[in-house]
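Thank you all for coming.

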Amino acid sequence: MGSQPHDATPGGAGASVPAETTESAESHHSDVTLRVNGTSRTLTLDHRRALLDVLREDLDLTGAKKGCDHGQCGACTVLVDGRRVNSCLLLAVSLDGREVVTVEGLGDGDGEVHPLQQAFLDRDAFQCGYCTPGQICSALGAVDEAAMGHPSHVTDPGRPSGRPMPLDRDEIRERLSGNLCRCGAYPHIVDAVEDVIR
Amino acid sequence: MKPFAYVRAGSVEEAAEAYATRPGARYLGGGTNLVDLMKLGVEEPRALIDVSRLPLDTVTELPDGSLRIGATVRNSDAAAHPAVRDRWPALSQALLAGASGQLRNTATTGGNLLQRTRCPYFQDVTKPCNKRQPGSGCGALDGVHRDHAVLGHSETCVATHPSDMAVALAALDARIELYGADGVRSVPADRFHRLPGDRPERDTEIRPGELVTGVVLPAATAGLPSLYRKARDRASYAFALASVAAVLRVEGGVVQQVGIAFGALAHRPWRAERAEAALLGAAPTRAAFEHALDLELEAARPLRDNAYKVPLARNIGVDVLTRLAPPAATDLT
């Protein structure tokens, strides 16, 4: 009885039989094509699967990390169509045709890391490293957003729209607040981001 | 998570049709709340109707000076839009005070309005919650309720609505545009969300199958000074303990127009109509703002552990109104 509201269908079981039949004929899987780090990948996916799990389990791209799995920590951050997002909250089926870039796709392909990855190394911007791929993808997204003129919570509302927003330390801290670091490497992360925007 | 069918809608009509023919369907926008609730077992849709690619992704200036923000415009894009920043700044500020950069890039205008409470009892299927399972009781009433409502709550539900955006829309006299089986209609933003009463499972006035298609900011509040201020436990990326959005027009030394809405105090953005009535025609002094907000908050009925919200809301409200008033006016105190 306790679970009845969850299972009940409008109109009761008898009335819903035709609809049930229709629904059971519908698939719970779909073919999905994602372009991941420049390579087109087509997969047959259960609709329930999050982008993060597809990247890690199907495509062996384990850079994006599962921290909270609820969009609260930022460890799963990747870029979709150039914008930073929490891959744990995105159903892969909804991303058909989208372009995904993970931390593995940031280098130049010849073994050279991205300048922001180098800055994280130079500035010792991590301790355990678990949040680092998400921090790096998030910071790249944030730098692009500022260049496009996106304000943040700490931006002076009087600053004109449509022009790049300069990033001081307060701006970097605010814009990266969706990425938690339990080791507390925040000061050095801000240093590393400052290195690449100078 | 239970298996579900997935349908990507190409038009508003197609979305409504897909919803109507599938029992247990839910619309999927950015999914930042819905997918989370599915992981938690709070939502168990049998079909998702993906509306995130509907052609509702533009911000449009209308001939009468109002502005329509389409339902699939991402929160980050709405916040950065020059017309929003210049003419309805409280909305841009409210959006930027919410969530994180990643979430704002995903979350949609329509989805933001329809997000559910973050009450921990609602989000935990092992706990009683009248909103999630009508008749099961309210765990928060005598439980952990520091973040909960002080205004307009009932014995059945003390949850608050978590949106920052909706608070600014309420203060700015925005309207919510809806499409459904009965056609197109629009609802004032400050009447879109409900108080719980004895039906806490209903968050809004939306009808089954209706789809939010956009939000319209009216010419009547365009270009007026407006602000949003949010108090929270940390400087960024946290839900409000109390927040306030206000718009103020002062002419001839008196308040000619005012809109005030509080967030995180009630089951919906709390439009401070009593305070507004007290301020119309009055000189915009700090004393007048204090008096008006004290009048408004006389209705507050704090729970055991959240009485702090009443002075907090009052003080950030006075601060925002004082900053919106012409500098000379507030010197008169």
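Strand E10 of chain B and strand E11 of chain B, the latter covering residues 254-263, run antiparallel and are joined by 9 bridges, where strands are DSSP runs of E with at least two residues, helices are runs of H or I with at least four, both numbered from the N terminus, and two strands pair if DSSP finds at least two bridges between them. Before I go further, this is a predicted model, in which local features need pLDDT of at least 70 and side-chain atom pairs count only at pLDDT 80 or more, while totals for chains, interfaces and linings use all residues. Residues are numbered from 1 along each chain as its sequence is written, and chains are lettered from A and ligands numbered from 1 in the order in which they are written.

Within this pair, Val250(B) has Val255(B) in E11(B) as its bridge partner, and in the hairpin, which has 2 residues between the strands, Gly252(B) takes a positive phi near 60°. E10(B) also has a partner in strand E9 of chain B, residues 226-231, to which it is joined by 6 bridges, again antiparallel, and here Lys230(B) is paired with Ser243(B) of E10(B). How many of the 10 residues of E10(B) are buried? The count is 8, so this strand, residues 242-251, is largely enclosed by the rest of the structure; a residue is buried if 20 or more other C-beta atoms lie within 10 Å of its own, exposed if 12 or fewer, and partly exposed in between, with C-beta atoms placed from the backbone.

Staying with chain B, the division is into domain 1, residues 5-50, and domain 2, residues 225-330, with bounds that come from an automatic or database domain assignment. The C-alpha centres of these two domains of chain B lie 37 Å apart.

Helix H1 of chain B, residues 12-20, has as its buried residues Ala15(B), Ala16(B), Ala18(B) and Tyr19(B). Seen down the axis of H1(B), these fall within an arc of 160°, so they line one face of the helix, the arc being that of the directions from the helix axis to the C-beta atoms. As a reminder, an α-helix has 3.6 residues a turn, so residues three or four places apart point the same way. The buried residues of H1(B) pack against E1, E2 (25-28), E3, E6 (175-180) and E8 (211-217), which are strands of chain B.

Turning to chain A, we find 8 helices and 5 strands, following the pattern α-α-α-β-β-α-β-β-β-α-α-α-α along the sequence, and 40% of its 198 residues count as buried. The domain assignment gives domain 1 (29-105) and domain 2 (115-197) of chain A, and their centres, taken over C-alpha atoms, are separated by 22 Å. The contact between them takes 14 residues from domain 1 of chain A and 14 residues from domain 2 of chain A, two residues being in contact if their C-beta atoms, placed from the backbone, lie within 7 Å.

Helix H5 of chain A, residues 115-122, buries Leu116(A), Gln117(A), Ala119(A) and Phe120(A), and these cover an arc of only 160° around the axis, which puts them on the same side of H5(A). The buried residues of H5(A) pack against helix H6 (132-147) and helix H8 (186-197) of chain A, and just after H5(A), Asp124(A) takes a positive phi of about 55°.

Finally, the two chains meet in a contact that takes 38 residues from chain B and 43 residues from chain A. On the side of chain B that touches chain A, the largest share, 5 residues, comes from H6(B). By class, that side of chain B has 17 nonpolar, 13 polar and 8 charged residues, where Ala, Val, Leu, Ile, Met, Phe, Trp, Tyr, Cys and Pro count as nonpolar, Asp, Glu, Lys and Arg as charged, and the others, Gly among them, as polar.
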